Amino acid sequence: QGSLVESGGGLVQAGTSLRLSCAAPGGVVGTYSMGWFRQGPGNERELVAAINPSGTNTDIRDGRFTISVDIPKNTVYLQLDSLKPEDSAIYYCAASRIWPAKSRWNYGYWGQGTQVTVSS
């Protein structure tokens, strides 16, 4: 199986938005639950948002964020709005065989991450 590839991170100012993308191998999106995690320096990797295979149910940990899928494009998105400096972290895309998938231990496939840095 191929890998998950995240993109869209960068350095932005507080209050602005970013949209992260995760390109998956064919057949993953729509079959697996997909999640976005983040890990800041010295912190545990935490779930930010997850979505079930069909894209009909989500688990959002912060109301400023939105997760969505484009099944034909095999892509998962994470929209980050009203960003704060404390949102700075590496953001990871992951795939799980189960739903709900609330823990990092539910996810068996991971991307390499994309860095998001929010300046004040």
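Start with R64. At 16% relative accessibility, R64 counts as buried. Keep in mind that this is a predicted model. The partner of R64 is D62; their side chains meet in a salt bridge, 2.9 Å from N to O. D62 is partly exposed, at 22% relative accessibility.

Next pair. E46 and R38 form a salt bridge through their side chains, at 2.7 Å, N to O. R38 is buried, with 14% relative accessibility. E46 is partly exposed, at 37%. Now join these up: R38, E46, D62, R64 and D87 are linked in a network of salt bridges.

A further bridge runs between K102 and D59, with the closest N and O atoms 3.4 Å apart. K102 sits in the loop between β9 and β10, and D59 in strand β6, so the pair ties together parts 43 residues apart in sequence. K102 is partly exposed, at 49%. D59 is buried, at 13%. In total, the structure holds six salt bridges.

In soluble globular proteins, nonpolar side chains tend to be buried together. Here, the largest nonpolar core has 26 residues, and M34, W36, L78, L80 and Y91 touch the most other members. Several strands give two or more residues to this core, among them β3, β4 and β8. Which strand gives the most? That is β9, with four residues.

Look at L80. Leaving out residues up to four places away in sequence, L80 touches T16, S17, L18, L20, R64, F65, Y91 and V116. So we meet R64 again, as a contact of L80.

Last point: there is a second, separate core of seven residues, including F37, Y92, A94 and A101.

Methods
Residues numbered from 1 in each chain as written. Predicted model: local features only at pLDDT ≥ 70, side-chain atom pairs only at ≥ 80, totals over all residues. Heavy atoms only, no water. Core = buried A, V, L, I, M, F, W, Y, C linked by side-chain atoms within 4.5 Å. Buried < 20%, exposed > 50% of the residue type's maximum accessible area, 1.4 Å probe, protein only. Contact = heavy atoms within 4.5 Å. Salt bridge = Lys/Arg side-chain N within 4 Å of Asp/Glu carboxyl O.
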